[in-house]
Amino acid sequence: MGTVTTRELTCIGCPMGCPLIVTMEAGEVISVTGNTCKRGDVYARKEVTNPTRIVTSTVRVSGGDADMVSVKTKEDIPKGKIFECVKALKSVEVPAPVHIGDVLVKDVAGTGVDIVATKNVESI
Amino acid sequence: MKTYDIVIIGGGPAGLAAAVSARENGIQDILILERDKELGGILNQCIHNGFGLHTFKEELTGPEYAGRFIKQVMDLGIEYKLHTMVMDISSDKIVTAMNREEGLFEIQAGAVILAMGCRERSRGALNIPGYRPAGIYSAGTAQRLVNMEGYMPGREVVILGSGDIGLIMARRMTLEGAKVKVVAELMPYSGGLKRNIVQCLNDYDIPLKLSHTVVDIKGKERVEGITLAEVDGKGKPIPGTEEEYTCDTLLLSCGLIPENEISRGMGVDMNPVTSGPKVNESLETNIEGVFACGNVLHVHDLVDFVSEEAKTAGRNAAEYVKNLQADTDDRDKHSREEAAEIVLNPVEGVRYTVPSTINPVHMDENLTVRFRVGGVYKNCYVSVYFDEERVIHKKRPVVAPGEMEQIKLTKEQLMKYPGLKTITVKIEEA
């Protein structure tokens with residue numbers, strides 16, 4: 001029998017922010033309580049084993065009706081890769097037009113996840 | 001003078017959803033007036049995700065959420081004017097506006113939907129002592145600079161106020177290379193959503209100091225530092241608790257105020273608690289045919305609820321216009337004079353309700369009453385009384401001022417209580 005530990009988390013699945021208690025034994029999740037829906041359970045299990053986040057930022061646009069376009073990682077990336085991801089976007093400049101969903105950077109910071117535009121910027 | 005059946009003031013999330021809803025309810029002749037260079041309002045600078053879980057069942061960023069509604073407005077061919085500032089609306093619904101192409105012009109509206117949103121409480125309104133150096137921004141201004149203009153407002157940052165924009169900006173500034181030293185909150189609880197505290201502060205080890213405020217700003221040309229002090233139960237700084245922080249930037253996230261100069265000017269009755277118009281079940285103000293929705297009515301945490309509210313306002317504005325166009329008998333029948341209005345009475349922990357009154361004859365089958373509480377209550381009940389009788393008693397593990405609450409009422413339920421005068425909404429401790 002391994003040691004039983006508990007970790008308290010606040011669910012971020014939705015604005016309810018349920019207080020979660022995760023009970024673990026030998027690195028394995030044995031129970032999640034405090035959640036009101038399935039998302040809380042999924043979040044808690046992931047958060048204690050492999051925490052990930054969707055990262056949002058901006059990149060420069062040339063020749064567009066705005067100087068910046070907002071972007072996001074198409075899927076969530078490991079929490080530890082957030083800064084590397086944002087850093088990789090600093091030097092990126094894309095030509096207008098850009099449309100929602102366009103892939104602007106492939107495989108950002110070696111995460112296997114693409115950066116996509118979240119706003120339309122038209123050429124001028 | 002040009003005429004439109006419905007004129008919508010503001011092309012942000014509320015105005016867009018109201019326009020779509022009014023069109024879907026049969027009104028062709030709609031005009032949206034927007035002062036910015038594009039539709040979408042504040043969502044355009046809210047590049048973080050988490051929008052739309054209720055509306056679209058997926059997590060979108062602000063611009064994506066706005067984009068969905070902008071596309072609907074475009075597809076429906078709804079007219080809009082950008083770069084257009086509304087100066088005044090008369091009580092008989094003549095809208096005076098201006099832009100560079102047309103100069104000053106007037107429009108006669110059949111119905112008006114107020115959707116101007118809100119603005120941030122400024123330093124002046126906070127009475128923080130000290131010089132007036134550069135480097136003090138509202139969190140929303142900093143957000144616009146970073147996310148839309150591509151400028152960093154500073155490198156060493158203190159944030160006063162733990163509202164959602166402040167929390168979001170703590171993370172954003174950190175990601176862009178700034179050092180956010182502390183987020184200070186006057187109240188003993190955060191005004192922001194829990195998920196934002198987790199994702200924006202805890203993830204980046206940014207300390208949150210509750211019951212603290214800025215008591216001094218140092219620096220003449222540029223902010224050089226601030227003094228933070230703990231406050232007592234009444235919000236007064238406690239002598240001897242001062243701490244110095246060096247920083248070049250102070251961001252203020254100290255609350256949002258509905259932007260109602262135009263509403264007041266036209267004689268709309270205001271609710272002193274929300275700083276927004278008082279409205280009935282149709283989200284109609286005391287001026288017939290003038291509706292309000294979104295942050296101009298009361299400040300929301302979730303854009304999904306803004307869209308939902310705006311949809312109701314748009315539908316009711318459409319009904320109003322259709323009734324105007326029907327014969328006058330019908331119009332008299334719909335006048336609000338004839339049926340007794342039920343007054344909603346927020347007490348004991350409930351600060352306000354939207355709407356303020358309900359006319360059961362005019363209400364839809366289902367009505368959402370939104371409200372905010374004045375403090376943090378754990379293991380409490382949200383209770384609703386029809387006059388003396390308790391009809392709703394809903395257990396809640398926690399309610400907090402930062403998260404808007406709602407209760408649902410049905411027409412069927414209200415019709416069972418003829419002569420009902422007051423609906424009281426309160427928090428009851430277990």
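1. Which residue of E28(B) stands opposite B:Thr368? B:Lys408 does. This is a predicted model, and the points below should be read with that in mind.

2. Strand E25 of chain B covers residues 366-373. E25(B) and E28(B) pair in the antiparallel sense, over six bridges. They belong to an open sheet of three strands, ordered E23-E25-E28 in chain B, with antiparallel pairing. The edges are strand E23 (350-354) and strand E28 (405-410) of chain B, each of which pairs on one side only. From one strand to the next, the twist averages 30 degrees. As a reminder, strands of a sheet pair through backbone hydrogen bonds, either parallel or antiparallel.

3. Chain A also has an open sheet of three strands. The order is E1-E2-E3, and the pairing is antiparallel. Strand E1 (4-10) and strand E3 (28-33) of chain A are the edge strands, pairing on one side only. Neighbouring strands here are turned by 25 degrees against each other on average, direction ignored. Strand E2 of chain A, residues 19-25, joins E3(A) in the antiparallel sense through five bridges. A:Met24 has A:Val29, in E3(A), as its bridge partner.

4. A helix accompanies this sheet. Helix H1 of chain A, residues 38-49, lies across E1, E2 and E3 of chain A. Relative to E3(A), helix H1 runs at about 145 degrees.

5. Domains of chain A: the assignment gives domain 1 as 4-49 and domain 2 as 56-117. The C-alpha centres of these two domains of chain A lie 30 Å apart.

6. Now the contact between the chains. Chain A contributes 21 residues and chain B 22 residues. On the side of chain A that touches chain B, the elements giving two or more residues are strand E5 (56-62) and strand E6 (68-73) of chain A. E5(A) supplies the largest share, four residues. By type, this side of chain A divides into eight nonpolar, eight polar and five charged residues.

7. Finally, the cores. The largest nonpolar core has 84 residues, and B:Ile6 and B:Ile113 have the most contacts inside it. Helix H8 of chain B (residues 303-325) gives the most to this core, eight residues. Leaving aside residues up to four places away in sequence, the residues that B:Ile113 touches include B:Ile6, B:Ile8, B:Phe291, B:Cys293, B:Ala313 and B:Ala317. Another core, of 34 residues, lies apart from the largest one; among its members are B:Ile136, B:Ala142, B:Val157 and B:Met173.

Methods. Residues numbered from 1 in each chain as written. Chains lettered and ligands numbered in written order. Predicted model: local features only at pLDDT ≥ 70, side-chain atom pairs only at ≥ 80, totals over all residues. Contact = placed C-beta atoms within 7 Å. Nonpolar A, V, L, I, M, F, W, Y, C, P; charged D, E, K, R; others polar. Core = buried A, V, L, I, M, F, W, Y, C linked by C-beta atoms within 7 Å. Buried ≥ 20, exposed ≤ 12 C-beta atoms within 10 Å, placed from the backbone. Pairing = 2+ DSSP bridges. Axes fitted to C-alpha atoms, helices over the stretch in contact; angles between N-to-C directions. Domains from an automatic or database assignment.
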